[in-house]
Amino acid sequence: ATHTEIRIDDSTSDATFNTQIRKAHKSKDRPGFTASYGVGRLVWYEEYDRIDEAIQREKSLKKWRRDWKVRLIGEMNLEWIDLYPNLSG
């Protein structure tokens with residue numbers, strides 16, 4: 001798999017909103033990084049019960065080196081397949 005870009009996405013506690021955001025990213029309807037750079041796969045995610053924990057983790061991951069992020073993704077999704085279809089049921 002080609003690993004060209006790693007995006008740490010926004011955190012939210014609203015599952016319906018998350019689904020809407022994922023759909024907008026997938027269809028490139030939401031302006032920003034995803035549409036500009038042609039990002040089209042969800043290859044990694046984490047779920048949290050508390051938004052403050054999710055935000056803290058997001059801030060922490062944004063400081064990580066690229067190779068650490070690649071390793072983290074590989075632990076969950078070795079082939080870097082698109083996980084979005086599994087979440088959009």
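Which residues are exposed on the other side of α3? Q56 and K59 are exposed there; exposed means over 50% relative accessible area, buried under 20%, and partly exposed in between, with a 1.4 Å probe and protein chains only.

1. Basis of the note. This is a predicted model, in which local features need pLDDT of at least 70, side-chain atom pairs count only at pLDDT 80 or more, and totals for chains, interfaces and linings use all residues. Residues are numbered from 1 along each chain as its sequence is written, and side-chain values use heavy atoms, with hydrogens and water left out.

2. Confidence. The pLDDT is the predictor's confidence in each residue, from 0 to 100. Its mean over the protein chain is 73, and 61% of the residues reach 70 or more. Among the elements, helix α1 (residues 15-27) has the lowest confidence, with a mean of 54, while α4 has the highest, at 93. Residues 1-5 have pLDDT below 50; in the model this stretch has nine contacts beyond near neighbours in sequence. A contact means heavy atoms within 4.5 Å.

3. Overall make-up. The protein chain has five helices and zero strands, in the order α-α-α-α-α along the sequence. Helices (H or I, at least four residues) and strands (E, at least two) are DSSP runs, numbered from the N terminus. Of the 89 residues in the protein chain, 21% are buried. Among contacts with a separation of 6 or more, 63% are between residues 24 or more positions apart. The accessible surface is about 6,400 Å², and 49% of that belongs to carbon and sulfur atoms; the areas come from the Shrake-Rupley method with a 1.4 Å probe, and for residues only the protein chains shown count as cover.

4. Helix α3. This helix covers residues 51-62, 12 residues in total, and runs 17 Å from its first C-alpha to its last, close to the expected 16 Å. The expected span is 1.5 Å times one less than the number of residues. Its buried residues are A54, E58 and L61. Seen down the axis of α3, the buried residues fall within an arc of 70°, so they line one face of the helix. The arc is that of the directions from the helix axis to the C-beta atoms. As background, an α-helix has 3.6 residues a turn, so residues three or four places apart point the same way.

5. Helix α4 and its partner. The buried residues of α3 pack against α4 (66-76). In α4, the buried residues are K69, L72 and I73. Viewed down the axis of α4, they fall within an arc of 95°, so they line one face of the helix. These buried residues of α4 in turn pack against α3.

6. Aromatic pair. Rings of Phe, Tyr and Trp (its six-membered ring) pair if their centres lie within 6.5 Å; planes under 30 degrees apart count as stacked, over 60 as edge-to-face and the rest as tilted. By this rule there is one aromatic pair. W64 and W68 form it, edge-to-face, at 6.1 Å centre to centre and with 85° between the planes. W64 is partly exposed, at 24% relative accessible area, and W68 is also partly exposed, at 34%.

7. W80. This residue sits in the loop between α4 and α5 (84-87). Most residues other than glycine have a negative phi. W80 is buried, with 4% relative accessibility. Its C-alpha is 9.7 Å from that of V70, 10 residues away along the chain.
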